[in-house]
Amino acid sequence: MDDLLERLRAGLPAETLITDPDVMASYVHDMAGFCAAGTPAVVVLPRTVEQVQHVMRTATALRVPVVPQGARTGLSGAANASDGCVVLSLVRMDRILEISAVDRIAVVEPGVINAVLSRAVAEQGLSYPPDPSSWEMCTIGGNIGTAAGGLCCVKYGVTAEYVLGLDVVLADGRLLRTGRRTAKGVAGYDLTRLFVGAEGTLGIVVKAVLALKPAPPRQLVLAAEFPSAAAACDAVCAIMARGHAPSLLELMDRTTLRAVNKMANMGLPESTEALLLAAFDTADPAADLAAVGELCTAAGAVAVVPADDVAESELLLQARRMSLTALEAVKSATMIDDVCVPRSKLGAMLEGTAAVAEKYDLVIGVCAHAGDGNTHPVVCFDHLDEDESRRARESFDEIMALGLELGGTITGEHGVGVLKRDWLARELGPVGLELQRSVKAAFDPLGLLNPGKVL
């Protein structure tokens, strides 16, 4: 370790290095549970591309693993340290380098906070749509690493659809530039998309060119109460089948509603079994909400309440954004699943999840990006109770198995990390797994980048 620190210090300012064990402890893991984490040899917080390159050249020369990190808001253990590694935290590389209204792009460093970028482009009449629930904390680099989603994905898509180009420091310290700044471009293989969702296992993103949209009108939200999750899912299917394009379509089950009310006293309807939130940012959102309200009523909604104004709409959205935090307060620990199924199977997914909760005698709340079929079953349990912890883990696995049986995927937006590594092999199959490992070996032949994650 002395050799590692000596070489790092030769090319880095002293303030970029953290070796105090107590301080390093805060960089050991992200927000996922049941994921092993080790003790790093050093934490490095670079401010420049050249400093990142120096770290990677040193790590390659000494064969030391490197774990890249953003804000550590991830939910799969992808940012967890390994024993003896260099933790490379990119949060200090936080500059917005360019915003172009003509080209409709932003050029940013990886440590830029999602909400900071969103507000900056809004000042120029533009929008950066991807909005994970942790958007006030999570970084663009982390969003790229996990291909993060958010509430708006049903209309605007996920992070991958907004990354036009990247600057990436490879394992050996070389700088690779991928993609483009132009509206179109099909030159060569799409290496940009390869890095999006790679969770730092192929290279270190140090700059990103992001596509922007014109700022849409302020959205209005409708809340519909249902006597069952199945009825709410029927409404989702009807809304999408009729060709509507909501800017969000979110679902919260009864357990989630109660948790949010307990934490924030928001007055949400606890007697309902499912609450569906639909929003439109069209020229005439009231008319779109009225049409969707009729579909909800036809599907069995017991109450349909459109928001009167933007402020009321934002209050409803804040309740949805609080869902995961509120469920985390139900018991001492949670396991947050991220299973995405075809929309037509959403009802079966929620029904199956309820059966799993009953089978294992556990509290499992579900919030979902319903318009995408992306469910977040949250298993709540007492981590000091060995039997309950075991049942929580088994229920988590059973929910993932259910998602695959329904033609879905083990992760819609949170990534694989440590938590779902074994399940990825089941989803990919042997041929897919072999090819993905070949790609990893081509970019990182020594296996130094985020080892033990994804594959």
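This is a predicted model: local features need pLDDT of at least 70, side-chain atom pairs count only at pLDDT 80 or more; totals for chains, interfaces and linings use all residues.
Trainee: Why is H1 called roughly antiparallel to H3?

Mentor: Look at the angle. Helix H1 (residues 2-11) and helix H3 (residues 49-62) pack at about 155°. Angles over 145 degrees count as roughly antiparallel. Therefore H1 is roughly antiparallel to H3. Their axes lie 10 Å apart, and the crossing is right-handed.

Trainee: Which residues of H1 and H3 meet?

Mentor: H1 brings Asp3, Leu4, Arg7, Leu8, Ala10 and Gly11. H3 brings His54, Val55, Thr58, Ala61 and Leu62. The contact divides into 6 nonpolar, 3 polar and 2 charged residues.

Trainee: How do you know how H13 runs relative to H14?

Mentor: The axes of helix H13 (residues 346-360) and helix H14 (residues 386-405) cross at roughly 160°. The cut-off for roughly antiparallel is over 145 degrees. So H13 is roughly antiparallel to H14. The two axes come within 10 Å. H13 passes H14 in a right-handed crossing.

Trainee: What makes up the contact of H13 with H14?

Mentor: From H13 come Ala348, Met349, Gly352, Thr353, Val356, Lys359 and Tyr360. From H14 come Arg391, Glu394, Ser395, Glu398, Ile399, Leu402 and Gly403.

Trainee: Now the strand. Why is S12 called mostly covered?

Mentor: Buried means under 20% relative accessible area. In strand S12 (residues 220-226), 7 of its 7 residues are buried, so the strand is mostly covered.

Trainee: What makes you say that both faces of S12 are covered?

Mentor: Take the sides in turn. Leu220, Leu222, Ala224 and Phe226 are buried on one side. Val221, Ala223 and Glu225 are buried on the other.

Trainee: How do you know that S12 pairs with S14?

Mentor: Count the bridges. Pairing takes at least two. S12 and strand S14 (residues 274-280) are joined by 7, so they pair. They run antiparallel. Leucine 222 stands opposite alanine 278 in S14.

Trainee: What makes S15 a partner of S12?

Mentor: Apply the cut-off of at least two bridges again. There are 4 between S12 and strand S15 (residues 303-306), so these strands pair. They also run antiparallel. In S15, proline 306 is the bridge partner of leucine 222.

Definitions and conventions. Residues are numbered from 1 along each chain as its sequence is written. Side-chain values use heavy atoms; hydrogens and water are left out. Axes are lines fitted to C-alpha atoms, for helices over the stretch in contact, and angles run from 0 to 180 degrees between N-to-C directions. Helices (H or I, at least four residues) and strands (E, at least two) are DSSP runs, numbered from the N terminus. Angles under 35 degrees count as roughly parallel, over 145 as roughly antiparallel, 65 to 115 as roughly perpendicular and the rest as oblique. A crossing is left-handed if the near helix is turned anticlockwise from the far one by less than a right angle, and right-handed if clockwise. Contact means heavy atoms within 4.5 Å. Ala, Val, Leu, Ile, Met, Phe, Trp, Tyr, Cys and Pro count as nonpolar, Asp, Glu, Lys and Arg as charged, and the others, Gly among them, as polar. Buried means under 20% relative accessible area, exposed over 50%, partly exposed in between (1.4 Å probe, protein chains only).
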